[in-house]
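Here are some notes to read alongside the model, as you asked. Please keep the viewer open while you go through the points.

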Amino acid sequence: MSATNDIHKVVIAGAGFAGLSAAIALARLGKEVTVLERSDRLAYGASITIVNRGPDALRDLGILDEASERGFAGWNRSLYDDFFDEQGGRRPTPPMPIRTDDGLPSYIVIYRPVLAEILSAKAADHGATIRLGVEVTGMADHGDGVTVTLSTGETLDADLLIAADGWRSAIRDQIFPGRVTSTYSGNMSMRWVKRNPPEGPEGFYVNDRSGVVVVHNMGAEMVYIATGIDMENRRIEQEEAVRIFREILSEFPAPYIQALRETVTDDDEIVVRPYVYHNMPAPWHAGRILVVGDAAHTMSAHIASGGVMALEDGIVLGEELEQHEDLDEALLAFAKRRARRTFVAVDACRQMLDLQVNYQAHPRDLGRVREGAFRELLNEY
Ligand SMILES: Cc1cc2nc3c(=O)[nH]c(=O)nc-3n(C[C@H](O)[C@H](O)[C@H](O)COP(=O)(O)OP(=O)(O)OC[C@H]3O[C@@H](n4cnc5c(N)ncnc54)[C@H](O)[C@@H]3O)c2cc1C
């Protein structure tokens, strides 16, 4: 039996939203936290939308005000209020549930590198060390501790290793071989950020075949444009991505979409990622190694919740470690508390992708699934 009180040194693999949230939550409990990020930058350049209990998570992490100021915060309205048809005409849609008017924004849209910078600075304020360009390459759990091997050749001793290493988590696959299979939905996401954009109505531009182009203000003179294409799962180089992206936008004659399309340049970065999903049943730990964030549960952007789930994970982990004396009990309680909620989110995305890719369903039917998920995800985490 290992005691939570004996957890002093925590190593976190991955400085995404899950890793940084866990770093804040554990560093402020007085743990000696080291976050290792294999990339030499904190996050890639697209936007993230924080909905439902996401603003609460930012508040609990102590960064709500800064995130609201540096992103774009919407109050007492849903992000899903503004729908347009492909010509740009308003499309009435049933209202989505939102939080009660409790003084927190209903949603925040923010540039990912900015949110990552805010989280990382907060973790450092609490004493965490964040190292970029360092990969976790191996680990050995020897019962009373974990030896973590790094790409630099160093080894670190940890009382707890947290795998926050994303949906293709190598650590998860090593400690739980074959436990998680990510399913490709058939839809490839494409995201683009435009600085100093032309002005126009933001929201969801949809056609009757499930096609969608999403345009959101991100604050700081930037808009975020997201779409996707049904295709096989393969690598797409930037040249092809720009071509496909332009083609998708040309299917939406709405003047604002066309104005944006004209500003796409051959050198613009289009962030391409397959929409996959999985949700790992509890437990999410084996011995002293724990899986969190997308490594445990990954989903599409259809309900804008994967990042929120990752942020919530870190906070709930801190709470459960504080509440239990026994480490095994704490980590099991953590995963049980999370797995039901993340299942709701993952399953809603799975259903929406299925309706979209296989049945080209009407946006109204996708909206119904989103609404059901939001009703649950508005409950406290
Ligand atoms: C198109 C799209 C749009 C989305 N939009 C939204 C949205 O609007 N709102 C929302 O809430 N969610 C959204 N999501 C989901 C959200 O992006 C993810 O759920 C979230 O980023 C997961 O965070 P994470 O920290 O678990 O994983 P990641 O962000 O993947 O971070 C994992 C990190 O681990 C690092 N790493 C991997 N292996 C190692 C290793 N061995 N050693 C060290 N570091 C390692 C990686 O470099 C990476 O930085 C979207 C997802 C997609 C695909």
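1. Helices (H or I, at least four residues) and strands (E, at least two) are DSSP runs, numbered from the N terminus. With that in hand, asparagine 196 sits in the loop between strand 12 and strand 13 (203-206). Its phi is positive, about 45°, although asparagine 196 is not a glycine. Another spot to check is the cis peptide bond between alanine 282 and proline 283, where omega is about 0°. Proline 283 belongs to the loop between strand 16 and strand 17 (285-286). As background, most residues other than glycine have a negative phi, and most peptide bonds are trans.

2. A word on the source: this is a predicted model, in which local features need pLDDT of at least 70 and side-chain atom pairs count only at pLDDT 80 or more, while totals for chains, interfaces and linings use all residues. Residues are numbered from 1 along each chain as its sequence is written, and side-chain values use heavy atoms, with hydrogens and water left out.

3. Now the overall fold. The protein chain has 10 helices and 19 strands. Its radius of gyration (taken over C-alpha atoms) is 21 Å, close to the 21 Å from the globule rule (2.2 Å times the number of residues to the power 0.38) for 381 residues, so the chain is as compact as a globular protein of that length. The C-alpha trace spans about 65 × 45 × 35 Å along its principal axes.

4. A polar backbone atom of glycine 307 is 2.8 Å from a ligand nitrogen, and a backbone N or O atom of valine 136 lies 2.9 Å from a nitrogen of the ligand. For glycine 306, a backbone N or O atom is 3.2 Å from a ligand oxygen. The protein covers 91% of the 1000 Å² of accessible area that the ligand has on its own (Shrake-Rupley method, 1.4 Å probe).

5. On a 1 Å grid over the protein atoms alone, a cavity is a set of points where a 1.4 Å probe fits but cannot get out; lining residues have an atom within 4 Å of a point. There is 1 cavity of 30 Å³ or more. The largest cavity holds about 90 Å³, a volume being the space filled by probe spheres set on the points. Its lining has 14 residues, with Val51, Asn52, Pro97, Ile98 and Ser106 nearest the centre.

Methods:
A polar contact is a pair of N or O atoms within 3.5 Å; within protein, one must be able to donate a hydrogen and the other to accept it, and residues adjacent in sequence count only if both atoms are side-chain atoms. On a 1 Å grid over the protein atoms alone, a cavity is a set of points where a 1.4 Å probe fits but cannot get out, and a pocket is an open set with protein on both sides within 12 Å along at least five of seven lines; lining residues have an atom within 4 Å of a point.
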